[in-house]
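Take a slow look at the chain below. Then we will walk through it piece by piece.

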Amino acid sequence: MPLIVDLSTLPEDGISLQGDLPAEIFAFPPHDDAKPVSPLHYELEVQRFGSELLLRGDIQASFEFTCVVTLQRFVQTVRMENVAISLELESEAPIDIADALREEIVLEIPADPRCDEGDVPMECKLNSPYLVLDKTTDTDLSSPPPPPADNRWSALDALSDLKDNH
């Protein structure tokens, strides 16, 4: 799964790279909610500037998520257009840029995925039977009863009747 850039043969004006890295590059644990369903696709311009390697272009990968509202599974593509990634060069040895691309995509994975933001948006609404779990079955109650009055300060009211006898 490496994507090697050979610095010794890299032209001064850079190179164009495009292709796919297999979905296995993400190597998420089995219990992780995000499941990669496509390769990591890249279209990049790669150029060296002194001790820095600059990657510019577009990267994307699709994942299957569980919606935090409906618990439905859905697919969403994480796209990063016009991304710019700078890698510090420590030597003249060839460098693997695959991990840098992977990290950029992983950082863009939504923390709270919603099915209405998927590639094929779905209605993201909680199923109404789940809303009645704590409700009573009595139908003549349209709203809950008001909370009891706050009596925390009533003891102080009784003290106001005391007078200082000095």
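Is Cys 115 buried or exposed? Cys 115 is buried, because its relative accessible area is 0%. Buried means under 20% relative accessible area, exposed means over 50%, and partly exposed lies in between (1.4 Å probe, protein chains only).

A word on the source. This is a predicted model, in which local features need pLDDT of at least 70, side-chain atom pairs count only at pLDDT 80 or more, and totals for chains, interfaces and linings use all residues. Residues are numbered from 1 along each chain as its sequence is written, and side-chain values use heavy atoms, with hydrogens and water left out.

Stay with the cysteines. A disulfide is a covalent bond between the sulfur atoms of two cysteines. Here it is called when a pair of cysteine sulfur atoms lies within 2.5 Å. By this rule the count is 0 disulfides. Cys 115 is in none, and its nearest cysteine sulfur, that of Cys 67, is 3.6 Å away. Cys 124 is in no disulfide either; for Cys 124 the nearest cysteine sulfur is that of Cys 67, at 3.4 Å. Cys 124 has a relative accessible area of 16%, so Cys 124 is buried.

Now step back to the whole chain. It has 2 helices and 7 strands. Both come from DSSP runs, numbered from the N terminus: helices are H or I with at least four residues, strands are E with at least two. Along the sequence the pattern reads β-β-β-β-β-β-β-α-α. Of the 166 residues in the chain, 30% are buried. The accessible surface is about 11700 Å², and 52% of that surface belongs to carbon and sulfur atoms. These areas come from the Shrake-Rupley method with a 1.4 Å probe; for residues, only the protein chains shown count as cover.

How do the strands line up? Two strands pair if DSSP finds at least two bridges between them. Start with strand S3 (residues 35–36). S3 runs antiparallel to S5, joined by 2 bridges. Lys 35 stands opposite Glu 64 in S5. Next come S4 and S5, antiparallel over 9 bridges. Here Glu 45 faces Arg 56 in S5. The hairpin of S4 and S5 has 2 residues between the strands, and in it Gly 50 takes a positive phi near 65 degrees. Then S5 pairs with S6, again antiparallel, over 14 bridges. Gln 60 stands opposite Arg 79 in S6. The hairpin of S5 and S6 has 6 residues between the strands, and there Leu 71 takes a positive phi near 65 degrees.

Zoom in on strand S6 (residues 73–88), where Thr 77 is found. Thr 77 counts as buried because its relative accessibility is 12%. Which residues does Thr 77 contact, leaving aside neighbours within four places in sequence? They are Gln 60, Ala 61, Ser 62 and Asp 119. Contact means heavy atoms within 4.5 Å. The side chain of Thr 77 also makes a polar contact of 2.6 Å with the side chain of Ser 62. Another, also 2.6 Å, links the side chains of Thr 77 and Asp 119. A polar contact is a pair of N or O atoms within 3.5 Å; within protein, one must be able to donate a hydrogen and the other to accept it, and residues adjacent in sequence count only if both atoms are side-chain atoms.

Val 75 counts as partly exposed because its relative accessibility is 34%. Beyond four places in sequence, Val 75 touches several residues, including Val 37, Phe 63 and Val 120. Val 75 and Ala 34 are 41 residues apart in sequence, but 9.5 Å apart in space, C-alpha to C-alpha.

Finish inside. A nonpolar core is a set of buried Ala, Val, Leu, Ile, Met, Phe, Trp, Tyr and Cys residues joined through side-chain atoms within 4.5 Å. The largest one has 36 residues, and Leu 53, Ile 97 and Leu 101 have the most contacts inside it. S2, S4, S5, S6 and H1 each supply at least two residues of this core. Helix H1 (residues 98–107) has Ala 98, Ala 100, Leu 101 and Ile 105 as its buried residues. Their cover includes S2, S4, S5, S6 and strand S7 (95–96).
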